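Here are a few friendly notes to go with the structure.

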Amino acid sequence: MNLKPDTLRSIDEAITHYPVKRSAVLPLLHLIQEDVGFISDEAIEWVAAKLELQPINVYEVVTFYPMFRRKPIGRRHIRVCRTLSCAIMGGYRTCAEFERQFGTQKGEVSPDGEVTVEFVECLASCGTAPVVMVDDELHEKVDVAKAGEIAARIKSEAAARK
Amino acid sequence: MSVPQQRRLIFAHIDEPGYTNDLACYLKHGGYEVMRRAFARQPAEIIEEVKRSGLRGRGGAGFPCGVKWSLVDRKSGKPIYLVVNADESEPGTFKDRYIIHQDPHQLIEGIMITCRANDVRQAYIYIRGEFPEGARILEKAIAEARAANLCGPRVLGTDYSCEIYVHRGAGAYICGEETGLIESLEGKRPYPRIKPPYFPAVLGLYQCPTIVNNVETLCHVKHIADMGGEAYAHIGTPGNTGTRIFCVSGHVQRPGTYEYEVGKITFGQLLNDVCGGPLPGRQFKAVIPGGSSAKVLRWGERYRGRRKVGAEFVEYDWGIEDVPLDFDSLALIGSMGGSGGVIVMDDSVNMVEALANINEFYAHESCGQCTPCREGSLWMKRITARMVHGGARGEDGALLKSVADQIAGRTICAFGEACSWPTQSFVAKFGEEFSGYSKNDTEGGTPLV
Ligand SMILES: Cc1cc2nc3c(=O)[nH]c(=O)nc-3n(C[C@H](O)[C@H](O)[C@H](O)COP(=O)(O)O)c2cc1C
Ligand code: SF4
Ligand code: FES
């Protein structure tokens, strides 16, 4: 595993938070995913060795929790809330607009590698529905027009990088 | 009847211009003074105050907080843990989010008062994975508090030490269920544990006695320690004390969070007067009062019966607008106050589609341990999805009910009830839409599946 020194430091710190090493499985997986982008077989084995577990103990966690992924995603992660309060305020149309803007489908990396659009369940911001997370940032009241604005911003940031 | 005023105890500083989430701001507003006073008292006195306050848990079940604390096994010789439930995953609920992001020190003060009262030396805040910013804010706030000797080693110069750590979930709703949460905190799949024997108060985290409380509940503890249990019990109504934050979402003019004394505001006042009523040209159709797991109510319904008020029984005859928003009244009319998430649907909503949306959530979130829940939630999803996509059959309403009836009461955890109640209540209350389902029954709505 080729992890950044900062990640390794945070990993060692996280393990001290628990009387039982196994408790650090989720924190370690988060730290590795933030660093590398996804959880590879190698990462599973590395975490298992680090916490003195069998790889299956880590694997079963990775495969259960929706936030852990086994494959890389697009450069930006667009998570649209699918649940009732957002849906009745237009969340499905919002999601379709993101798919259209990036020529992609839910759960896939867009052809330019720029985004992955996904449906997620209630993000606990139902009063400002429909809501969307772009990476770690929450966007509120994202109707189709606002989805277009967010998409335009992502595209112009991508163009500026090139 | 005039509309009551909000009573903002927990949300006193939420959205207040200039109020920031750092320690300096909290201290400037009198922060940690209550904790200092509480630390000068005997721990047992604080537990007594919480018992006297009548505080009921704000996470969903409404269980009396003081009773929960008194069930903790204190003779086991094992450490006692506090686990703060910051999973906030019940659809329709969005109150803990604001406490965590805007007033984290209020929560930490509540945590420290609770820990000291219960001789807890280690607390974990289990925060849902989708609050990355919230987790960073809490970590910073804990570091500030620790540097100021408000948690960590030898708190406030006493010989009492207590650490608080933040633990992030990873997108699974079942981690909100307290024993699933504990399994998750132990680094495993969040498979809920069976009770008995695994009551957290006896066999919780690492098989040690454990208190699990919701974020809002612990903030109330701070205010109880401040004003005393007796004074707190005068807020709200008997048996339903204190304030509660209602999270209103969906089809109203002014959705948002509103903090009221429990039982001092009715559905009609909250939805019509406070939230501005239905959207232009629309009428209310249905409301789910306590998060998506609570049974749906039909706008226009009447409820009649006898209820206990103090020592006497009195007759009640309520239109839905008249129902006071407290735990007991909502239970009386066949639903629940749950997590305080009020989801409002107007006449643009097709109820089969709405249920299909809810069923998709539960099918996705069942942990899969119990056959009735794993299979049943999936079947209910498939039936409602099929109906919406043109394959509705006359018997679907009855079929849905029969599947739902075979889940509730036959599972390890209350998710079984949570996933069957929506189906049972939607079919019971909007039967005509389920028996003669047609896609075009409503107009102007947006897709829900
Ligand atoms: C399926 C399910 C999901 C739950 N989700 C949450 C949640 O997200 N947040 C929460 O505080 N309680 C949740 N609960 C309730 C907890 O199990 C527990 O009762 C609560 O955290 C206790 O705290 P309180 O007594 O302060 O309310 C959930 C319960 C069930 C059955
Ligand atoms: S009721 Fe459902 S969520 Fe709860 S333990 Fe059983 S399968 Fe899991
Ligand atoms: S339903 Fe979308 S944030 Fe709750």
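1. The shell around ligand 2 is made up of eight nonpolar residues, five polar ones and no charged ones. Please keep in mind that this is a predicted model.

2. In number, the residues surrounding ligand 2 come to 13. B:Cys367, B:Cys370, B:Cys373, B:Thr411 and B:Cys413 are the closest of them.

3. Where does ligand 2 sit? Its place is in the largest cavity, which holds about 90 Å³ of space. That cavity is lined by 13 residues, and B:Cys367, B:Cys370, B:Cys373, B:Cys413 and B:Phe415 come closest to its centre.

4. The lining of the largest cavity can be sorted by class as well: eight of its residues are nonpolar, five are polar and none is charged.

5. How many cavities of 30 Å³ or more does a search of the whole structure find? The search turns up two.

6. Which helix gives the most to the lining of the second largest cavity? That is helix H5 of chain A, spanning residues 84-88, with three residues in the lining. By class, six residues of this lining are nonpolar and three are polar, with no charged residue.

Key. Residues are numbered from 1 along each chain as its sequence is written. Chains are lettered from A and ligands numbered from 1 in the order in which they are written. This is a predicted model: local features need pLDDT of at least 70, side-chain atom pairs count only at pLDDT 80 or more; totals for chains, interfaces and linings use all residues. Side-chain values use heavy atoms; hydrogens and water are left out. On a 1 Å grid over the protein atoms alone, a cavity is a set of points where a 1.4 Å probe fits but cannot get out, and a pocket is an open set with protein on both sides within 12 Å along at least five of seven lines; lining residues have an atom within 4 Å of a point. Grid points are joined across faces, edges and corners, and a volume is the space filled by probe spheres set on the points. Ala, Val, Leu, Ile, Met, Phe, Trp, Tyr, Cys and Pro count as nonpolar, Asp, Glu, Lys and Arg as charged, and the others, Gly among them, as polar. Helices (H or I, at least four residues) and strands (E, at least two) are DSSP runs, numbered from the N terminus. A residue is near a molecule or strand if one of its heavy atoms lies within 4 Å of it. A molecule sits in a cavity or pocket if more than half of its atoms lie within 2 Å of its grid points.
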